Amino acid sequence: MPEMWEPSEVTAFVNWTMAKEGKLAIKTGYKLERDDVSIVLDGFDADKQVGYVYTDRHKPSHVSPEVRAKLDAWQKDRQVAILFIDLQKAPDEPTIKGKILTFLAAVKKSPMKPTAK
């Protein structure tokens with residue numbers, strides 16, 4: 001893969017990898033609204049409460065430190081699991097896939113609590 005990815009290529013690769021390896025039904029551009037937080041995630045499986053956000057040098061993070069702290073707290077409480085991928089630090093496919101597999105393994109060990117419908 002080239003070092004510089006288009007956002008659509010990143011989304012396609014991450015969605016495919018998460019679907020294949022994590023058996024997830026990822027929806028792109030998912031708006032997560034909970035408590036006082038409203039954020040559009042790059043991808044999210046609402047049934048399993050698992051998703052991701054990515055950034056690169058052309059797409060800076062849109063997640064404020066406060067929202068990131070809230071997402072991290074929810075993950076510790078097994079409410080949602082969000083993988084943060086920074087393509088400046090992981091520009092190649094094997095590294096990104098490794099991050100996804102590590103994340104999915106952690107989620108599988110400690111799955112999210114079922115959501116109230």
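How many strands form the open sheet, and in what order? Four strands do, in the order E1-E2-E3-E4, and the pairing is mixed.

## About the model

This is a predicted model, in which local features need pLDDT of at least 70 and side-chain atom pairs count only at pLDDT 80 or more, while totals for chains, interfaces and linings use all residues. Residues are numbered from 1 along each chain as its sequence is written, and side-chain values use heavy atoms, leaving out hydrogens and water.

## The sheet and its helices

Helices (H or I, at least four residues) and strands (E, at least two) are DSSP runs, numbered from the N terminus. Two strands count as paired if DSSP finds at least two bridges between them. At the edges of the sheet are strand E1 (27–34) and strand E4 (81–86), each pairing on one side only. From one strand to the next, the twist averages 45°; axes here are lines fitted to C-alpha atoms, for helices over the stretch in contact, and angles run from 0 to 180 degrees between N-to-C directions.

Strand E2 (residues 37–45) pairs with strand E3 (residues 50–55) in the antiparallel sense, over three bridges. Valine 50 in E3 is the bridge partner of aspartate 45. Helix H1 (residues 7–22) packs on the sheet and touches E1, E2, E3 and E4, contact meaning heavy atoms within 4.5 Å. Helix H2 (residues 65–76) also packs on the sheet, touching E1, E2 and E4.

## The nonpolar core

A nonpolar core is a set of buried Ala, Val, Leu, Ile, Met, Phe, Trp, Tyr and Cys residues joined through side-chain atoms within 4.5 Å. Buried means under 20% relative accessible area, exposed over 50%, and partly exposed in between (1.4 Å probe, protein chains only). The largest core has 19 residues, and those touching the most other members include Val14, Met18, Val50 and Phe103. Helix H3 gives the largest share, five residues.

## Salt bridges

The whole structure holds six salt bridges, each a side-chain nitrogen of Lys or Arg within 4 Å of a carboxyl oxygen of Asp or Glu. One joins aspartate 36 to lysine 70, with the closest N and O atoms 3.6 Å apart. Aspartate 36 lies in the loop between E1 and E2 and lysine 70 in helix H2, so this pair ties together parts 34 residues apart in sequence. Aspartate 36 is exposed, at 64% relative accessible area, whereas lysine 70 is partly exposed at 29%.

Within helix H2, aspartate 72 and arginine 68 lie four residues apart, about one turn of the helix, and their side chains meet in a salt bridge (3.4 Å, N to O).
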